[in-house]
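Keep the viewer handy and follow along.

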Number of protein chains: 4
Amino acid sequence: MIKVGIVGISGYSGRTTLDILLKHPNVRVTYVSANNTTGKISDIWPHLRNKTTLTCDKFDLDKATELCDLLFLAVPHTVSMTITPKLLKAKKRIIDLSGDYRLKAKTEYKKWYGAEHTDSSNLSKAVYGLPELYREEIKKAELISNPGCYPTAAIIGIAPLAATQYDSIKSIIIDAKSGVTGAGRKVIPGLIFSEVNENFKAYKVLNHQHTPEINLYLSKLAGADVDVTFVPHLLPINVGILETIYIQLNNKMSLGDVVTLYTKFYKTEKFVRVLPAGQQPEIKNVVGTNYCDLGLAVDEKKNLLVVTAAIDNLMKGAAGQAVQNMNIMCLFEETQALI
Amino acid sequence: MIKVGIVGISGYSGRTTLDILLKHPNVRVTYVSANNTTGKISDIWPHLRNKTTLTCDKFDLDKATELCDLLFLAVPHTVSMTITPKLLKAKKRIIDLSGDYRLKAKTEYKKWYGAEHTDSSNLSKAVYGLPELYREEIKKAELISNPGCYPTAAIIGIAPLAATQYDSIKSIIIDAKSGVTGAGRKVIPGLIFSEVNENFKAYKVLNHQHTPEINLYLSKLAGADVDVTFVPHLLPINVGILETIYIQLNNKMSLGDVVTLYTKFYKTEKFVRVLPAGQQPEIKNVVGTNYCDLGLAVDEKKNLLVVTAAIDNLMKGAAGQAVQNMNIMCLFEETQALI
Amino acid sequence: MIKVGIVGISGYSGRTTLDILLKHPNVRVTYVSANNTTGKISDIWPHLRNKTTLTCDKFDLDKATELCDLLFLAVPHTVSMTITPKLLKAKKRIIDLSGDYRLKAKTEYKKWYGAEHTDSSNLSKAVYGLPELYREEIKKAELISNPGCYPTAAIIGIAPLAATQYDSIKSIIIDAKSGVTGAGRKVIPGLIFSEVNENFKAYKVLNHQHTPEINLYLSKLAGADVDVTFVPHLLPINVGILETIYIQLNNKMSLGDVVTLYTKFYKTEKFVRVLPAGQQPEIKNVVGTNYCDLGLAVDEKKNLLVVTAAIDNLMKGAAGQAVQNMNIMCLFEETQALI
Amino acid sequence: MIKVGIVGISGYSGRTTLDILLKHPNVRVTYVSANNTTGKISDIWPHLRNKTTLTCDKFDLDKATELCDLLFLAVPHTVSMTITPKLLKAKKRIIDLSGDYRLKAKTEYKKWYGAEHTDSSNLSKAVYGLPELYREEIKKAELISNPGCYPTAAIIGIAPLAATQYDSIKSIIIDAKSGVTGAGRKVIPGLIFSEVNENFKAYKVLNHQHTPEINLYLSKLAGADVDVTFVPHLLPINVGILETIYIQLNNKMSLGDVVTLYTKFYKTEKFVRVLPAGQQPEIKNVVGTNYCDLGLAVDEKKNLLVVTAAIDNLMKGAAGQAVQNMNIMCLFEETQALI
């Protein structure tokens with residue numbers, strides 16, 4: 001039984017982390033905090049009435065350190081890098097759900113997140129928490145940088161090809177669609193119900209901060225510079241991401257070949273489901289789960305592969321994956337509390 | 001051709017008023033203003049690109065006075081009563097969509113709107129703009145107090161009985177459900193998409209500020225004190241209100257009698273459609289229209305009448321009715337730009 | 001470990017029952033069937049890919065009997081009463097989610113379900129599976145008639161008063177709103193997306209088949225004839241019911257009294273949450289759970305109590321309650337797989 | 001004043017055509033028919049209560065011929081080609097909203113629509129009703145083949161480049177998203193509310209029947225073989241299409257150049273709005289209108305142009321464009337009843 005804290009409990013990722021951990025047999029949640037609200041968790045999140053007696057305070061380093069073995073940081077970017085060094089110094093293990101430790105170059109962080117990075121030393125130590133690629137590193141990590149929601153689906157959708165035959169890839173276009181919780185629980189005009197409902201639009205076209213993250217980890221995998229085109233869109237639903245990924249190939253590849261390649265690549269992965277040829281993933285089939293579902297189609301005349309990847313942005317795209325990382329770090333069953 | 005202004009163009013009621021007036025052959029919109037935003041209307045409301053060259057400024061009394069014959073005030077309550085006296089003094093006709101001139105007792109205003117009423121003199125002069133009841137008064141009015149969305153459906157749904165045989169009514173319960181634009185374009189946590197979508201709840205139970213408005217005008221109609229029970233709910237849709245009204249009767253009344261009574265009462269009304277026995281109104285049938293659809297059912301054993309009333313809260317519940325009032329005041333065809 | 005079958009796996013109640021049972025440590029699902037589809041469960045319900053290898057056939061009595069100790073019948077009404085007698089004869093325990101065994105008078109069944117009841121003997125033996133009222137009977141039951149979704153919320157919302165001080169109740173009006181899965185997975189014009197979305201309406205006004213069920217069990221509880229007024233509405237959401245219940249009282253009762261009464265009545269109940277005065281239940285707080293949340297408000301001037309009750313229609317309103325009943329019958333922890 | 005008929009009034013396109021024509025000052029709708037329903041239009045489409053006394057019968061050639069000068073055919077494909085020759089012989093002008101006359105090669109029709117084409121002679125005579133490209137031909141046409149919804153947005157989005165500098169185009173990928181009415185009013189399991197709501201998926205991947213239509217008309221425009229990649233997706237909204245079009249260029253082009261090119265190309269078009277650099281179209285801004293809104297973005301490093309095109313699939317994508325065609329054919333103001 002480990003003692004776990006969640007910093008940033010008032011957002012959707014923090015809440016979902018708590019929802020999962022309350023069902024986890026090896027975990028006791030001993031500490032929760034937020035900076036914009038305090039009080040009983042069952043008042044902040046009424047669906048948890050009668051399920052927890054936890055109380056939320058403003059973040060207190062001493063209390064967090066005293067009460068927890070491991071902490072989930074579900075805070076906005078720039079906040080995480082001020083807390084993380086102190087918690088690491090106190091020998092706590094950290095799973096950071098923010099974007100603070102994902103990009104490795106400080107210049108890139110500055111460019112995409114608009115702030116100076118203030119924790120260089122840990123930036124290089126942080127392990128990117130995508131278990132399908134970095135399971136061994138995660139086992140030994142002190143600091144996990146939990147992947148962004150879009151990058152999770154994108155990298156899982158492209159990895160089999162990027163890892164095994166990167167030379168085949170000529171260009172990659174990712175047309176991504178996300179439910180509204182992907183933007184967090186922000187109270188801004190563009191997210192009020194009557195502006196989003198019955199609407200659909202692209203946003204941050206060619207300019208989203210998850211682009212360099214996708215490029216960085218695909219490049220590592222490919223051993224070459226990957227530079228994807230990424231256009232996100234806002235879906236009028238609560239949760240779920242579907243990415244339609246167009247991979248222009250340099251050579252012929254049949255649908256059968258591709259299905260075989262992907263199936264083999266993810267054969268032992270519990271949370272990736274490669275669908276048979278002809279089937280397409282749907283967001284409703286992954287909502288509330290930690291799965292990433294992958295669909296495959298090929299235009300053999302054009303040497304074009306179309307990968308469709310679906311995840312729940314709060315589960316495999318955030319809290320679910322974070323708990324998966326914890327399970328790996330703590331040597332629990334990897335699927336514990338997640339299936 | 002009259003010159004019309006809209007004060008409060010950045011909200012949904014103001015926008016809908018403009019949408020309607022741009023199609024009105026007898027109206028030129030010469031002035032629009034808002035206090036939380038300025039600039040080209042086509043930037044504020046991009047659906048109007050290429051349809052208008054209007055520009056929005058902060059409210060300016062002199063400009064408004066100079067440019068307009070008649071003004072729609074689509075502003076928050078308490079704002080209207082500071083502007084209205086000045087515009088009336090300048091001999092402008094006013095249609096006020098806020099709650100400021102609906103309740104006639106200043107104590108009631110204080111109780112339900114939480115502020116002192118500062119314009120007593122006009123409070124008594126304002127005509128309640130429900131054409132189905134006050135058409136003659138509207139024709140001569142300088143100041144129209146445009147009804148609230150909930151009261152519009154409620155009063156139209158109850159009026160035939162209240163006006164013709166009030167003695168039959170023992171008690172009235174109004175279970176009301178409204179789409180999200182009924183709350184205006186407020187940027188508050190409770191109205192962000194992921195809090196409202198796939199959700200439903202009652203709010204301000206037994207405590208909504210439209211309750212005294214319903215009571216006041218039904219009482220006038222009945223010549224007796226009416227005291228309804230009113231419980232509103234928030235529907236996860238953009239527009240539309242459906243009210244299910246339970247009227248406990250003192251005496252037997254058949255469904256046929258009721259349908260006859262209602263049909264006769266609204267025989268010459270262009271915007272009220274009484275459905276035949278057995279049919280129920282649906283929000284989708286009134287969305288985008290100025291209609292109020294009424295359905296009728298009777299439990300003869302219990303002497304209970306169930307009236308269902310549907311409107312578009314931004315049309316018959318706000319801007320549509322406001323334009324209907326303008327049409328009456330200006331002796332235009334009452335349905336002009338509305339059918 | 002008991003062996004359990006689900007008859008009617010292609011509908012939403014059957015699917016939800018399976019979703020829950022796959023997480024139940026004391027249950028092995030050994031049999032699933034449907035009459036309108038066959039094949040691998042992971043093809044019928046793709047969200048279950050990799051989670052089950054079950055295969056669905058047309059219902060086969062011998063196979064069902066051989067493979068199961070207990071069966072859930074998630075079939076349309078009239079189907080259940082043809083299967084149940086045979087399964088009972090084979091000494092199987094049955095939890096019937098259809099309406100077939102809820103009404104006790106065959107004339108009432110005929111009137112509301114439009115068919116002759118063909119299994120009188122078991123009609124009288126069936127135990128109504130509302131654990132909050134019939135836990136002891138459920139323990140010993142061979143045949144459970146699982147309550148309807150609307151009656152579950154209604155009876156839980158009214159029971160504290162009906163059971164302890166029925167004389168206080170003068171009349172009851174239930175204004176009910178349900179998400180679309182409440183209608184099952186019917187492929188009919190009225191349920192296609194573009195007819196339901198952005199819409200809201202009342203249906204079967206004063207004429208819904210759940211009305212006599214509510215009356216029957218409230219009457220038993222009160223020891224007197226209860227005759228509620230019931231009007232259901234269709235919400236444009238997937239799951240969830242909210243009922244706003246207007247109870248006209250014969251005598252004064254303060255909000256404090258009512259909250260105390262309800263809190264005490266449900267003190268030991270794990271799945272009923274009585275909210276403090278001033279708070280209202282919301283559908284989103286019960287979705288995916290087996291809870292019934294209750295809100296209370298009182299108009300002391302009118303002696304009117306307003307109870308609001310929220311459930312997930314597929315959980316506490318169907319499959320969740322069915323599993324709760326199974327847990328009780330099998331002496332498992334009552335909350336097993338449900339919290 | 002011309003006399004107009006609508007064949008196929010029970011579907012969404014037929015209904016929308018009627019909605020528009022009821023506001024058209026130069027048109028009298030004299031005939032409506034459907035083959036799956038009959039009766040008063042106000043019963044079939046209750047939103048039209050009190051607005052029309054039209055009655056719907058099964059299609060009757062003699063009656064249609066006698067009562068109409070011009071007919072809109074809003075019928076399923078294969079039905080249109082059996083009616084059209086007879087109506088043309090009777091000297092009626094036809095606007096066909098089905099797919100029957102869009103593809104010019106009978107083999108292509110067979111391949112994509114799964115049926116033999118039985119009206120070769122008119123196939124070649126039909127004019128493709130995209131006014132932005134074929135206005136002059138439309139003026140003189142007897143038979144208009146009204147474009148598909150997806151092709152309308154795609155062709156308008158690509159035409160400026162395809163028409164003026166096709167050599168710049170290397171490849172085109174169209175990632176399309178459509179609201180549910182795009183599928184018509186089909187009563188099939190995949191379109192019921194609880195299957196579509198809170199869901200999103202790709203369908204007919206690389207295999208949609210609108211692909212050859214897009215290719216055909218872009219090829220004509222370019223004077224070269226165009227072969228786009230087309231992947232449609234189903235949005236959980238009622239109406240609206242957004243297409244994100246990735247055009248790989250052979251040469252450098254700045255965002256400024258592209259905006260200038262598009263703006264110039266559509267300078268005199270009333271229903272195409274090219275947004276300034278940095279702005280993106282949104283479905284809500286075109287819903288209920290006949291506009292196509294275009295957004296432009298360029299990745300100058302990759303020579304990649306991203307065009308986003310938004311339309312209302314029932315307006316510019318079907319009925320609105322059909323009426324626009326009628327206006328042109330009849331020498332009415334082109335925007336009549338549409339702005």
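Strands β14 (residues 292-299) and β15 (residues 304-311) of chain A pair in the antiparallel sense, with seven bridges between them. If you want one bridge to click on, take V298(A): its partner in β15(A) is L305(A). Keep in mind while you look around that this is a predicted model.

Now zoom out a bit. The pair belongs to an open sheet of seven strands in chain A, ordered β10-β11-β9-β12-β15-β14-β13, and the pairing in that sheet is mixed. Which strands sit at the edges? They are β10 (201-202) and β13 (272-274) of chain A, and each of them pairs on one side only. Helix α11 (residues 255-265) of chain A lies across β13, β14 and β15 of chain A. Its direction makes about 155° with that of β14(A).

G5(A) has L71(A) as its bridge partner in β5(A).

On β5(A) there is another parallel pairing, with strand β6 (residues 93-96) of chain A, again over four bridges. Here L70(A) stands opposite R93(A) in β6(A). To get from β5(A) to β6(A), the chain passes through helix α4 (residues 80-89) of chain A, and this β-α-β crossover is right-handed.

## Two domains in chain A

How is chain A divided? Domain 1 covers 2-125 and domain 2 covers 150-313. Taken over C-alpha atoms, the centres of domain 1 and domain 2 of chain A are 27 Å apart.

The contact between them takes nine residues from domain 1 of chain A and seven residues from domain 2 of chain A. On the domain 1 side, helix α5 (residues 106-113) of chain A gives the largest share, three residues. Sorted by class, that side of domain 1 of chain A has four nonpolar, two polar and three charged residues.

## The eight-stranded sheet, seen in chain D

Hop over to chain D for an open sheet of eight strands, in the order β3-β4-β2-β1-β5-β6-β8-β7, with mixed pairing. Its edge strands are β3 (39-40) and β7 (127-128) of chain D, each pairing on one side only.

Inside that sheet, strand β1 (residues 2-7) of chain D runs parallel to strand β5 (residues 70-73) of chain D, joined by four bridges. In β5(D), L71(D) is the bridge partner of G5(D). Helix α12 (residues 315-329) of chain D packs on the sheet and touches β5, β6 (93-96) and β8 (143-145) of chain D. The direction of α12 of chain D makes about 155° with that of β6(D).

## Where chain D meets chain A

How many residues of chain D are in contact with chain A? The count is 32 residues of chain D, against 32 residues of chain A. The elements of chain D that each supply at least two residues to this side are β9 (169-178), β10 (201-202), β11 (229-234), β12 (241-249), β14 (292-299) and β15 (304-311). By class, the chain D side splits into 17 nonpolar, seven polar and eight charged residues.

What about symmetry? Chain D superposes on chain A by a rotation of 180° with 0.0 Å of shift along its axis, at an RMSD of 0.0 Å. The two copies are therefore related as by a two-fold rotation axis. Both copies use the same surface, with 100% of the contact residues of chain D recurring in chain A.

## Where chain C meets chain B

The contact between chain C and chain B takes 32 residues from chain C and 32 residues from chain B. Elements of chain C giving two or more residues to the side that touches chain B are β9 (169-178), β10 (201-202), β11 (229-234), β12 (241-249), β14 (292-299) and β15 (304-311). That side of chain C has 17 nonpolar, seven polar and eight charged residues.

A rotation of 180° with 0.0 Å of shift along its axis puts chain C on chain B, with an RMSD of 0.0 Å. The same surface serves both of these copies: 100% of the contact residues of chain C recur in chain B.

How values were computed: Residues numbered from 1 in each chain as written. Chains lettered and ligands numbered in written order. Predicted model: local features only at pLDDT ≥ 70, side-chain atom pairs only at ≥ 80, totals over all residues. Domains from an automatic or database assignment. Contact = placed C-beta atoms within 7 Å. Nonpolar A, V, L, I, M, F, W, Y, C, P; charged D, E, K, R; others polar. Pairing = 2+ DSSP bridges. Right-handed = clockwise from strand over helix to strand, strands pointing away. Axes fitted to C-alpha atoms, helices over the stretch in contact; angles between N-to-C directions. Least-squares fit on C-alpha atoms with pLDDT ≥ 70 in both.
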